[in-house]
Amino acid sequence: MNVENFGASERLLVNAAYMRQGAQGRRAHELRLRALLEQGKCPEDGWDESTIELFLHELAIMDSNNFLGNCGVGEREGRVASGLVARRHYRLIHGIGRSGDISAVQPKAAGSSLLNKLTNSIVLDILKLAGVRTVTSCFVVPMATGMSLTLCFLTLRHKRPKAKYIIWPRIDQKSCFKSMITAAGLGFEPVVIENVLEGDELRTDIKAVEAKIQDLGAENVLCVHSTTSCFAPRVPERLEELAVICANYDIPHIVNNAYGVQSSKCMHLIQQGARVGRIDAFIQSLDKNFMVPVGGAVIAGFDDSFIQDISKMYPDNSVYRSSLDVLITLLSLGESGYRQLLKERKEMFSYLSSQLKKLAEVYNERLLVTPHNPISLAMTLENLDKHSDMTVTQLGSMLFTRQVSGARVVPLGASQTVNNYTFKGFMSHTNNYPCAYLNAASAIGMKKQDVDLFLKRLEKCMKNFRKEKSCGKDVPEIDNCIKDTSVGETEDYKLQS
């Protein structure tokens, strides 16, 4: 209520002081909203849900579909048949942007447009907090990382119409490769650069990248497509060196920073790459970095005009859900809450590393030495691999059956064809990695109990393999795994021989 309404309400109460007290309570919420709108930054301390909901309702009544006297005679007037659906979206129905520019203001939806602009501003603030201090522009896009990368490549097409090659240091993740293949209808051709093995780590072959640019001709290269966050033993690119090469040859540089916002090391690499060389845009997933539902990404960069060009390449207006989800989350956490999550993630990485190393030693395996990877770890499975050709893949199945998600088991010799391109040693980021291994990662939101339960279940699987091997038996089939729910909740599975 405004001042006039509060004044009118005083006449209905026996004691006007009570109404003034209520007005002061309302004023406290409004001061938070005012500070947010004036500063455009994530609040230091997280907001309570009542303040967030008040803000969202204030935004919603600014959209035409919620006007009391609205008369819509067009084909897209924010009509929603289900009240449940309307409430689920806080009655923010029109979406964001306009046809042909996702960042444009929608005349029918002042509230949704404000939400979109504010979300982009807050996310930009968080990217700076996470380590990329000189980033100047970003926008939330309602597509996951792969399609967001494609949008960047399509934008570069207009700037370099004769260029066709995308130079890509290999990382075995399908959406990364498909982001380039999807744009291949315009004549793009991915050029895969194999990694080099240094100790246990797979690192960027800088010499091969530069040699390929010279071979193809810099004018024919659309961009270099590099990666920060990745599964060990692959480690983040030598980003500074790649950025220098791109600057020297005047070639655009697009960085896949899928889950790198949570890593100070990945963000530092981007900051340094932009400082010493060239990085045109870096893309990160919303769900992986901000713990919201899958389906959104952030495209960010150091040149406002280029980031705006990318937003204009988006072919339609769009749903606001991704923006709404991340806005609610960051307002709930505040800067202090997000910093705490980043701190806890680092602590969990150290804890997971030390405990996984201990477990590996018990079973005559070892934790691969990958100091340049700040998120993912890998443990060898050499002894399991010697025991049986199928043991390694069965271990992965057993872990999944035991409700361990996210762990990856990578056998030797696997191959995969993606859009007519065959990757040898698929999932290991190289044709011939020396050993089979298991991946585990410490990502934002992970708790100590997650690490402990994972290690407990992994050890049970390893113990079973050791027991079967000593008895000279075959490796147990996964079909023999059953649930034990005798205590009323899901427990570890038991293997029955």
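Author: A contact here means heavy atoms within 4.5 Å. In this predicted model, among contacts between residues at least 6 apart in sequence, 73% join residues at least 24 apart. The chain has 497 residues, of which 51% count as buried, and its secondary structure comes to 16 helices and 16 strands.

Now the aromatic part. The structure holds 10 aromatic pairs. One of them is phenylalanine 177 with phenylalanine 423: the ring centres are 5.1 Å apart and the planes stand at 90°, so the pair is edge-to-face. Planes over 60 degrees apart are counted that way. Phenylalanine 177 lies in helix α7 (residues 174–181) and phenylalanine 423 in strand β13 (residues 421–424), so the pair ties together parts that are 246 residues apart in sequence. Both phenylalanine 177 and phenylalanine 423 are buried. They belong to one aromatic cluster, formed by Trp168, Phe177, Tyr421, Phe423 and Phe426.

The charged end of arginine 408 sits over the ring of phenylalanine 231, at 3.8 Å from the ring centre.

Serine 263 is placed in the loop between β7 (253–256) and α10 (264–276). Leaving aside residues up to four places away in sequence, serine 263 touches Arg345, Pro374 and Ile375.

Leu37, Ile61, Met62 and Leu114 make a nonpolar surface patch of about 330 Å². Of these, isoleucine 61 is found in the loop between α3 (49–60) and α4 (83–88). Isoleucine 61 has a relative accessible area of 53%, and it is exposed because the cut-off is over 50%.

Charged side chains also pair up. A search of the whole structure finds 21 salt bridges. In one of them, aspartate 48 and arginine 32 meet at 2.8 Å, N to O.

Lysine 164 and glutamate 189 form a salt bridge at 3.7 Å, N to O. Here too the pair links distant parts of the chain: lysine 164 is in the loop between α6 (145–159) and β2 (165–169), while glutamate 189 is in strand β3 (residues 189–193), 25 residues apart. Lysine 164 is partly exposed, with a relative accessible area of 31%, and glutamate 189 counts as partly exposed at 36%.

Lysine 448 and aspartate 452 make a salt bridge of 3.0 Å, N to O. Both lie in helix α16 (residues 448–470), 4 residues apart, about one turn of the helix. Lysine 448 is partly exposed at 42% relative accessibility, as is aspartate 452 at 29%. Elsewhere, salt bridges that share partners join Arg26, Glu30 and Glu58 into one network.

Terms used
Residues numbered from 1 in each chain as written. Predicted model: local features only at pLDDT ≥ 70, side-chain atom pairs only at ≥ 80, totals over all residues. Heavy atoms only, no water. Helix = DSSP H or I, 4+ residues; strand = E, 2+ residues; numbered from the N terminus. Buried < 20%, exposed > 50% of the residue type's maximum accessible area, 1.4 Å probe, protein only. Patch = residues over 30% accessible without salt bridge, like charges linked within 9 Å, V, L, I, M, F, W, Y side chains within 5 Å. Areas by Shrake-Rupley, 256 points an atom, 1.4 Å probe, with all protein chains shown as cover. Salt bridge = Lys/Arg side-chain N within 4 Å of Asp/Glu carboxyl O. Phe/Tyr/Trp six-rings, centres within 6.5 Å; stacked < 30°, edge-to-face > 60°. Lys NZ or Arg CZ within 6 Å of the ring centre and 35° of its normal.
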